[in-house]
Amino acid sequence: MSRRDPHHGSGRRPGRRGAVALWLPVVLVLVLVGGAVAAWQYDLGARWFGTATPDPVSEPAAVPPPEGLEVPALDRPGPVAAESGDAALAPAAVRRALAPGLRDRDLGRSVLAAVAPLEGAGPGYESGSGSFLPASTTKLVTAAAALSALGPDHRFETTVVGRRGSVTLVGGGDPFLASRPVPSGEWPDRADVVDLARQTARSLPGRRPVRVAYDASLFTGPAENPYWRSDYVPDGIVSPMSALWVDEGRDADGFGRVADPAAVAADRFAEALRQQGVKVTGQPRPATAPRGAEQLAVVRSAPLSAIVEWVLEVSDNEAAEVLAHQTALATGEEASFAGASRAVSETLRGLGVPMAGVVLRDGSGLSRDNRLTAPALLEVLRLAADPDHPELRPVATGLPVGGFTGSLALRFDEAPEAGVGRVRAKTGTLTGVSSLAGIATDLDGTPMAFVLAADRVRVPDTLDARQALDNLAGALGACRCSR
């Protein structure tokens with residue numbers, strides 16, 4: 001028996017499988033041609049005679065049901081919630097909702113509650129009057145002033161300039177400049193000194209040795225606010241103020257604060273340069289960036305809108321103080337604590353916020369010399385929700401949601417169940433002080449601005465007073481407070 005070449009046929013007749021293999025391409029061609037003809041006929045029928053059936057892909061609702069199947073008529077669903085329309089706030093209904101909670105003795109002897117329509121200037125409700133110690137609700141006015149002065153799209157720049165064998169890291173007052181790249185997707189975006197070092201290394205000719213200097217002169221005045229308690233900075237409660245820092249002046253473990261934030265930022269930058277293969281001689285030293293020096297690198301912060309939302313959501317003290325200083329720069333004031341307080345006050349006054357009785361000593365609310373009034377806070381909240389002031393919108397969108405997000409995530413656990421999720425508010429807490437200011441939407445869909453504050457709370461009653469305010473705010477969300 002001769003061997004057959006495997007590359008040639010055997011000479012045998014094809015079996016059933018071989019026949020199928022031969023005819024399959026022909027069948028596929030006929031199917032494709034038939035489909036094309038059917039589509040052509042379908043198109044002709046649709047154009048000439050109107051006999052084509054609806055296309056189930058583009059007109060699923062027009063396809064008739066199979067014969068014998070009766071499909072009930074489609075009923076248009078009703079609205080999930082009633083439209084608010086032009087419903088007005090009913091002060092009497094607000095009073096009934098708040099009266100039981102305002103009698104809670106845990107709130108102490110100095111309690112204020114004010115509620116007003118979020119839109120317009122209609123009548124509202126107020127219990128108590130005058131100014132109060134606001135604590136961190138101060139951040140609302142700081143945020144509004146910064147957005148008004150700088151705009152929500154503004155970004156803060158940190159740069160590196162170079163001249164004759166030296167590079168200078170120049171602080172631009174970025175509150176969130178980081179010592180290392182943050183994980184992808186972390187919000188808000190953060191610029192970092194590693195990126196600056198990478199850009200700088202690429203810009204240096206021949207990787208020659210360089211000296212590193214740093215310039216934090218953008219902000220002036222004391223690094224510690226004279227209206228703060230004297231132990232705030234030494235005990236690491238808040239960082240010394242600086243136009244140049246990394247990680248908001250926190251130490252490596254993320255909890256304590258460093259004594260010289262600008263020097264630490266420069267050290268981190270110098271180390272990042274070394275990791276890029278640049279030889280750094282000596283230790284970083286403070287200096288003023290030389291005029292005419294070439295810019296070697298630049299990084300930019302997240303937009304101010306995102307920074308504001310973060311500040312309000314987690315009550316970030318350091319970043320709030322930076323925003324107050326930046327407001328001073330934007331309005332021609334000196335970038336100090338005193339200049340920042342003047343700038344924020346004047347900017348608010350320019351927005352039409354009533355400033356009688358308002359005293360601002362810082363941007364974060366740590367100072368016990370701050371004073372705010374219900375009319376001032378209510379107007380800031382109204383402006384943030386006003387379509388005519390879109391630049392202030394992040395003040396409203398940054399408010400934590402009661403029982404769900406930010407500084408209110410672990411609160412409202414005993415508040416009226418119907419009100420949970422209907423309240424967004426900025427918290428305020430100091431020893432003997434608890435406050436909430438924000439926006440509540442009642443069961444009829446009517447939004448209202450509110451301020452709740454108790455600034456003479458006995459220390460043993462601190463947590464109970466906070467719970468009492470949560471319950472009051474929740475009562476607004478759970479009420480029917482509109483006409």
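T138, K139, L140, V141, T142, A143, A144, A145, A146, L147 and L150 are the buried residues of helix 3. The model is predicted.

**Helix 3**
- Eleven of the 13 residues in helix 3 are buried, so the helix is largely enclosed by the rest of the structure.
- Helix 3 spans residues 138-150, and the distance from its first C-alpha to its last is 19 Å.
- At 1.5 Å a residue, 18 Å would be expected for helix 3, and its reach is close to that value.
- G151 follows helix 3 and has a positive phi, near 90°.

**Helices 7 and 8**
- Helix 7 covers residues 317-330 and helix 8 covers residues 337-350; their axes come within 8 Å and cross at roughly 75°.
- Helix 7 is therefore roughly perpendicular to helix 8.
- On the helix 7 side, the contact is made by E321, A324, H325, T327 and A328.
- These residues meet F337, G339, A340, A343, V344 and T347 of helix 8.
- Sorted by class, the contact of helix 7 with helix 8 comprises six nonpolar, four polar and one charged residues.

**Disulfide**
- One disulfide is found in a search of the whole structure.
- The disulfide joins C479 and C481, with the sulfur atoms 1.8 Å apart.
- The link of C479 and C481 is left-handed, with -135° about the S-S bond.
- C479 and C481 are both buried.

Definitions and conventions:
Residues numbered from 1 in each chain as written. Predicted model: local features only at pLDDT ≥ 70, side-chain atom pairs only at ≥ 80, totals over all residues. Heavy atoms only, no water. Disulfide = S-S within 2.5 Å. Buried < 20%, exposed > 50% of the residue type's maximum accessible area, 1.4 Å probe, protein only. Axes fitted to C-alpha atoms, helices over the stretch in contact; angles between N-to-C directions. Helix = DSSP H or I, 4+ residues; strand = E, 2+ residues; numbered from the N terminus. Parallel < 35°, antiparallel > 145°, perpendicular 65-115°, else oblique. Contact = heavy atoms within 4.5 Å. Nonpolar A, V, L, I, M, F, W, Y, C, P; charged D, E, K, R; others polar. Expected span 1.5 Å × (residues − 1).
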